[in-house]
Amino acid sequence: MSGEKESLDKTRKYDRQLRLWGDHGQCALESAKVCLINATATGTEILKNLILPGVGSFTIVDGKKVTGEDVGNNFFLDKDKIGESRAQVATDLLLELNEDVTGNFMEESPELLLERNPEFFDTFTIVVAVDLPERVLHKLSGHLWEKDIPLMVVRAYGLIGSIRLVAREHTVIESHPDNAHEDLRLDRPFPGLTQYCDSLDLSTMKKKDHSHTPWLVIIFKYLQIWKEQHGGAAPKNYKEKNEFKKLIQQGVLRNEEGVPEVEENFDEAINNVNVSLVPTSIPSAVQNIFNDSECVNLQPESKPFWILARAVKDFVESVGEGALPLRGTIPDMTADSERYIQLQQVYRQQAAVEAEWVANRVQQLLQSLGKSKDTITEADVKLFCRNASFLRVLQYRSIAQEYDPATAKIGELVGNIEESDEDDAIWYILLRAVDKFYADFNRYPGVYDDQVEADIPKLKTCLAKLLHEYGNVYNIKDDFVHEMCRYGAAEIHSVASFLGGVAAQEAIKIITGQFVPMNNTYIYNAMKQTSVTVEL
Amino acid sequence: MAADLGVLNDDLQEKVKSSRILVVGAGGIGCELLKNLVLTGFKDIEVIDLDTIDVSNLNRQFLFRKEHVGKSKAQVARESALKFNPDGKIKAYHDSVMSTEYDTEFFKQFDVVLNALDNRAARNHVNRMCLAADKPLVESGTAGYLGQVTVIKKGLTECYECQPKPHQKTFPGCTIRNTPSEPIHCIVWAKHLFNQLFGEADPDEDVSPDTEDPELAGDAGKQALQSEAKEDTVGGIERKSTRIWAQETGYDPMKIFNKLFRDDIHYLLSMESLWKKRRPPEPLDFDSLPNTGGSSDNMNLIHDQRIWSVQECADIFKQSVDLLKSELQKQGDAGILVWDKDEPAAMDFVTAAANIRAYIFGIPIKSRFDIKSMAGNIIPAIATTNAIIAGLLVMEALKILSGNINDCRTVYLNRHPNSRKKLLVPCMLDPPNPKCYVCSSKPEVTVKVNTTSMTVKSLEDKVIKGQFGLVAPDVELDDGKGTIIISSEEGETEENAAKPLSFFGIKNGSRIKCDDFLQEYNLNITLLHVDKLEEEKEFEVVGDVSEVQARAAEASAAAAAAATTVSSFTPSNTAPDNSASNNGQGQKIDDEDDLEIIEDEEEEMIVETSAISRKRKADEVEEPASKKARKLNSEQVNEDDDAIVVL
C-alpha cells in the first residue's frame, strides 16, 4: 500500500515533466547515477536541475574548500561553511531539494582521484565536469572514452558559456521529431486493412454511416477505383492528385434535390490525399543505421539497440518487403466510435503481429550471441518498432580528436565564422587560449585586478601560439582578448543559471535516450544573448 | 561576490547594489529569478504572488519543499532565499498584483519590474502599471522546452498589448449541451457537470439539453418544447437545478447516470432537426452497458494512459460520485467543491463523464492522462527551461540598469538548436504600435454589440474588464452630460447593472469613455449596434482583432509549410491539441498555434505568441518566400556585431 502511495505522490510531483518524457523516461532518470566534478556555481546549478526532476543519485568529486568567493555566487554553499569541504557542503544542501534522490561526495581532487583510482568513474551514467584544467580534462576524457561513459564539460567564463558533449556513440529510439508523417500504408495496404475496408460498402450506407466512415477507408476505396481506371497506378503528380480529390468529392452523398450533403469525413479525406499518397519509405538516417557495421556484424557485446536494429533490418528484408514494421497508430478523425475503434484495432493488430516477428527474431539473435533472453523485453521491441522511422545514432568526436592538430576542426570552424559573419564561435578559440595561459602561468588571465593590463599581451601570445599550432588560421581582433582578460575567469551567476539549464537538459536527453542531444559544442554569449552549436 | 561583480563595470556594480527590483510571481521562473538576483548582488527585492504551493510545483520550484505545500509562494520563497543568503533584503506580498494597493506610486518605487507570471490578465495589468509609472518591465514565459524574454519600455518598445492576442475561443453553449463533436466539448461539459453537482453552479454552465438552440427554429423547436413538458412530469428534472435534483436523489450515482446519459439523451433525440445532418447520440442505460471502447492490448500501460471501456467509465463514475458526495457532506450544508485536476476523485469524475458522453456521441474516447491535460490546461514544465529563462531575464535587466536599453532583445528559446544551429533567437525590440489601444496617446476601439440586449453588467464584465483588461473602470457616456453608467466605487451604479445599454440612450455610433484610476488608463469605446453576431458571440472588436486573426492564420500557414517553426512548440508525444480553461469557459487550440491560447492557472506561459509566430517565421522558416524577412531580421540582430557591450 505504501508503495502505491509513493508512486501516486511521484506521479503528482512529476506530472508536468512526465508529459515530456513519459514514465519510461522518468524511470531511466530515476536509475541514473550522475557524477559532478567540482561544485562551482555552474556545477551545482546543473545538479539542481537534475535533482529536481528526480535523478537517481549524484556524487560530487571536489577537493576544494568553500571560499568567500564561492559563497557569493553559489546558492548551494553557505557562508557559515567557509573553509569546509565544498563537496560535502554542496551535497548536503542539494539533497534538501528532493527526498527521493541520494547524494554522495568524494573530497579529493579529481586529478588525484583519477590517478589513484580511475575505476571510481566507471559506474556512472554520465560525468559532468566543470572548472577543469586542460591537463586533467585530457586524462578524464581519455579514461571515460575508453570506458564508453558520456562526458559533459561545462564552463562559465565571464559572459561566455560553453558546453561540450562527448559520447562514443549515443543511440536514440524516441527522437520526438517535430513533424512526423503518419504511417498508414494506404499505398501498400496490408491484408487486414484491405479486408476491413472491403467489408464496408459506401454505396449501400445510409446517411449516418456514410458521413461517419473514417476518411482512411474513403481514400482506400477511391484509390481502388482510381487504380482500376489507371492501370493499377496511384495518382502521381499534382494534376492527378487534384483529379483524385475531385473523384472523392463526387462520392459525397446528395439529398433528394441532388445537392451534396455536408460530410466532414469526405472533407478530411480530401485534405489528407497528399500525405496519404506519400509512398512508404525508409528514412536515410535509418537506412544508414541498417548499413552500419555494428548492425551488420553483431557481437556478443553489441548493445540492445543494435540487436533490435538488426532484427528490424531483417524484418524489412524479408516479411516486411522493404517496409519498416507498422507503427500501428492512426490520427483522430471524424468517425463513429465503433468503426474508429475497429480501424484502430486493424492497425494495432498488424503492428502487434509485425512486432512479434521482430521479437522472435530478437530472441534468435540473442540466442546466437549467447545472451540471456530477457536482455530485451517485448515492451522494448514494441517501443523500438513504433519508433523505427525516427531512430537516430550520434557519433561524437573525442576530446583527443578535437585537440590534435591533425584531426582538429578549428580551420573549418573559422571558415564558417568568416562566411556567416557570426562570431560566437570565436569565443571557443579564446577559451582555448586562456587554457593555454593557465597551462603556462597556472592561473587565468585577469584574475587579479591589478594585472588585467599586464595579462593582455601574455594572452595575445598564447593566442598566437595556439593559432600557430593549427596553421595560423585566423586573425582575432584585440577586442576579444581585452574582453577575455577583463572577465578574469569570473563565474557570473546568471550565466551559470543559464548553462545549468541547458546542460542539465542535454544530460537528461543522454540519460533518457529521448530527443536528440546536440553535437558537440555549444557556445553562449550572454552579452548578445546569442548562441551557436558547432561540431569540433 | 567581488569576482562576480568584477565583470560588471563599477557604475553598474553600484546600480546593482542600490536598485530596487519588483519580481511579480514566485513560481517556476520566479524561484530561479530570486536566486539569480540575490547572487548577482541585488540587495533590495520585493516579490508578490497570490498563489500557494502545490505538490506538482516541487519538480522545479526549488525554493519549496513538501512541508511547504499549501503555504504562500511569495513568503516561502523569501524565507528559503534568505536562508541560503541572509544578506539580501527581500519583502514578500502574498497578494494579487491586481489589487488596488499596488498603485502607480507603488510601482514608481522600483527601478525595474520583472514579470514571472502565468496568466495574461496579470500580464496586461502589470504592463499598464509599468506604462503608467514609466518603469521598464522585463517580461518572461516558458512552456515545456520553450521560453521567451522581452523588454518593455514606454515610448521606446512595443508594450505587452501592442500586438493584440487572439482571444480564447469559447464554445457555443449549444455545442456543449446538445451537439458535441470533439472530445474537448465533452470535457468542458463534464467540468460544468462537476460544478453543477458539487461546485459553485454557474447559470452559463448548464449541462441539460438546450431548447433555445438556434438550429431548432420553427416547428422542431416547438415539438421539443412540447416534449419537454412531458419529460417534466416524468422525471421532474427540467424545472429544478441539477444540484437540487441530485440532492433529492441522495446523489445516487445510478440515477444521476441514467438521467444524464439516458433520459437527457432521449430528450435530445426528440429535437429531431439536430440530427438530420448529424449522427444521433445513442442513450446508455447503467444496467446494460456495452463492454467496448477500451483498449485491450494496452493492459501494460499505467492506469492513466489506458483507454477505459464504457463499463469501466461507468464504474469509475459511480465510485467518484460516491467519493465526491462524501467529500461534499464533510463540508456541511452550504459546502461546495472546487474542481482541481490534481484531486483524484474530481479528475476521475471528469474523465469518466466526458468519455461516457463521448461514446454516446461517437467521439473518440481519451485516456485520463490526456483528459487531464485538456481539462486542466496543463503546460508541461521543467526546471531546466525556467533556469535558462531566469538567466536571460537578469542579463536583460542588467542592460537596462546600465543604461543600454537599446541593446536589449526579445529572446526566444527553441526546443533544440534550429536549422541554423541556434538554440536562442534574439530579435530587435519593435517600436510601439501607434494604433495600440493601450500605449498609444489616445486609445480608441470600436466594438459591435446588440445595444438593446447587452446589459451594463455584461458590458463591464465581458467587454471592459474581460476584453480590454481594465480592473476598476469608471465609465461615462460621451453624451455631453457625462452620464456615469459604471462606477468603480462599489454599489454606486448597481441599479444600472441589469439594464440594457439602450436604456441609457446608447445606440449605433455611441461613444463611451472608460477610465481606470488604478492603471491610470483611459479608453474610448465606440459602440456599433448589430442585431446578431455569429457563433452566439455577445460582442466583436472591430479592426485590430481581425487583423490579428489574419496574421495568426498567415503564421499558422507558414508553420504548416515549414517544419521548424510553430509546430515545434508541441511536444510530439503528449501534445495537448485542445484545451479547456479552468473556469469552465471552453477554448480550443489548433495545434499550429497552441501556445497562443494556453494560459491559465498553470505554470508560466509564453508571453506574446502572435509575435513569436511572426518573428519565428521571419527568422527561421526555410521557405523562399520569407527569405527576405529572415535576412532583414538577421541583419537587425547582427548590426552590432563588432560592438562588445560592456556591462
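I began with A:Ser85, which is buried with a relative accessible area of 5%, where buried means under 20% relative accessible area, exposed over 50% and partly exposed in between, computed with a 1.4 Å probe on protein chains only. Before going on I noted that this is a predicted model, in which local features need pLDDT of at least 70 and side-chain atom pairs count only at pLDDT 80 or more, while totals for chains, interfaces and linings use all residues. Residues are numbered from 1 along each chain as its sequence is written, chains are lettered from A and ligands numbered from 1 in the order in which they are written, and side-chain values use heavy atoms, with hydrogens and water left out.

**Around A:Ser85**

I placed A:Ser85 in the loop between helix H4 (68-73) and helix H5 (86-95) of chain A; helices (H or I, at least four residues) and strands (E, at least two) are DSSP runs, numbered from the N terminus. Leaving aside neighbours within four places in sequence, I found A:Ser85 in contact with A:Lys64, A:Lys65, A:Val66 and A:Glu107, contact meaning heavy atoms within 4.5 Å. The side chain of A:Ser85 also reaches the backbone nitrogen of A:Ala87 at 3.3 Å. I then looked up A:His482, which is 397 residues from A:Ser85 in sequence and 34 Å away in space, C-alpha to C-alpha.

**Chain A as a whole**

I counted 24 helices and ten strands in chain A, whose C-alpha trace spans about 95 × 60 × 50 Å along its principal axes. Buried residues make up 58% of its 536 residues. Of the contacts in chain A with a separation of 6 or more, 69% come from residues 24 or more positions apart.

**Aromatic rings**

My search of the whole structure gave 36 aromatic pairs over all chains; rings of Phe, Tyr and Trp (its six-membered ring) pair if their centres lie within 6.5 Å, and planes under 30 degrees apart count as stacked, over 60 as edge-to-face and the rest as tilted. A:Phe75 and A:Phe76 form an edge-to-face pair, at 5.4 Å centre to centre with 80 degrees between the planes. A:Phe75 is buried at 2% relative accessibility, and A:Phe76 is buried at 0%.

Across the two chains, A:Arg19 lies over the face of B:Phe369, at 4.0 Å from the ring centre; a charge sits over a ring if NZ of Lys or CZ of Arg is within 6 Å of the ring centre and within 35 degrees of the ring normal.

**B:Asn59**

I located B:Asn59 in the loop between strand S2 (44-48) and helix H4 (73-84) of chain B, where it is buried with a relative accessible area of 0%. Leaving aside neighbours within four places in sequence, its contacts include A:Lys13, A:Tyr14 and A:Arg16 as well as B:Ala381 and B:Ala383.

How values were computed: A polar contact is a pair of N or O atoms within 3.5 Å; within protein, one must be able to donate a hydrogen and the other to accept it, and residues adjacent in sequence count only if both atoms are side-chain atoms.
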